[in-house]
Amino acid sequence: TGREYQFWQEGVHAELVFSEAMMREKLDYIHANPVKRGYVNLAEHWRYSSAAHYAGLAGLIDVDSW
């Protein structure tokens, strides 16, 4: 607080990902962000997302699936 710029959102804390279901929930949330902002119509169209990998398409980098 009290700063002109802030990198991390206040009140957000690390959360342990302890299951595949929870990991999928987090991935879905992250993948949905560019769609919610209106940058793309489909998550897998966002160039810097791993969504393409999870949709069975080629992406920019190799991803180790959960």
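Predicted model: local features only at pLDDT ≥ 70, side-chain atom pairs only at ≥ 80, totals over all residues.

Biologist: Okay. Is His31 buried or exposed?

Modeller: His31 counts as buried, because its relative accessibility is 6%, and the cut-off for buried is under 20%.

Biologist: And what does the side chain of His31 make a polar contact with?

Modeller: With the side chain of Ser50, at 2.7 Å.

Biologist: Which residues is His31 in contact with, leaving aside its neighbours within four places in sequence?

Modeller: Those are Ala43, Ser49, Ser50, Ala51 and Tyr54.

Biologist: Let's take Ala43 from that list. Where is Ala43 found?

Modeller: Ala43 sits in the loop between α1 and α2. Ala43 and His31 are 12 residues apart in sequence, yet their C-alpha atoms are 5.6 Å apart in space.

Biologist: Why does Ala43 count as buried?

Modeller: Because Ala43 has 15% relative accessibility. Not counting residues up to four places away in sequence, Ala43 touches His31, Val35, Ser49 and Ala51.

Biologist: Walk me through them, please.

Modeller: One joins the side chains of Glu15 and Lys26, at 3.6 Å from N to O. That pair links distant parts of the chain, with Glu15 in the segment before α1 and Lys26 in helix α1, 11 residues apart.

Biologist: Which other residue has a salt bridge with Lys26?

Modeller: Glu25 does, with its side chain meeting that of Lys26 at 3.7 Å, N to O. So Glu15, Glu25 and Lys26 are linked in a network of salt bridges.

Biologist: How do Glu25 and Lys26 do for accessibility?

Modeller: Glu25 is partly exposed, with a relative accessible area of 48%. Lys26 counts as partly exposed too, at 25% relative accessibility.

Biologist: How far apart are Asp28 and Arg24 along helix α1?

Modeller: They are separated by about one helical turn, because they are four residues apart in helix α1. Asp28 counts as partly exposed at 38% relative accessibility, and Arg24 counts as partly exposed at 37%.

Biologist: Now the aromatics. How many aromatic pairs are there?

Modeller: The count is one aromatic pair. Tyr39 and Trp46 form it, and the pair is stacked, with 5.5 Å centre to centre and 25 degrees between the planes.

Biologist: Why does 25 degrees get called stacked?

Modeller: Because planes under 30 degrees apart count as stacked, and the planes of Tyr39 and Trp46 have 25 degrees between them.

Biologist: Which residues form the nonpolar patch on the surface?

Modeller: Tyr39, Trp46, Tyr48, Leu60 and Ile61 form that patch, with about 620 Å² of accessible area together. Tyr48 is in the loop between α1 and α2, and it counts as exposed at 64% relative accessibility.

Biologist: Zooming out, how many helices and strands are in the chain?

Modeller: Two helices and zero strands. The chain has 66 residues, and buried residues make up 15% of them.

Biologist: What about its surface and its contacts?

Modeller: The accessible surface of the chain comes to about 6100 Å², and 54% of that belongs to carbon and sulfur atoms. For contacts between residues at least 6 apart in sequence, 15% join residues at least 24 apart.

Note on methods:
Residues numbered from 1 in each chain as written. Heavy atoms only, no water. Buried < 20%, exposed > 50% of the residue type's maximum accessible area, 1.4 Å probe, protein only. Polar contact = N/O pair within 3.5 Å; in protein donor to acceptor, adjacent residues only side chain to side chain. Contact = heavy atoms within 4.5 Å. Salt bridge = Lys/Arg side-chain N within 4 Å of Asp/Glu carboxyl O. Patch = residues over 30% accessible without salt bridge, like charges linked within 9 Å, V, L, I, M, F, W, Y side chains within 5 Å. Areas by Shrake-Rupley, 256 points an atom, 1.4 Å probe, with all protein chains shown as cover. Phe/Tyr/Trp six-rings, centres within 6.5 Å; stacked < 30°, edge-to-face > 60°.
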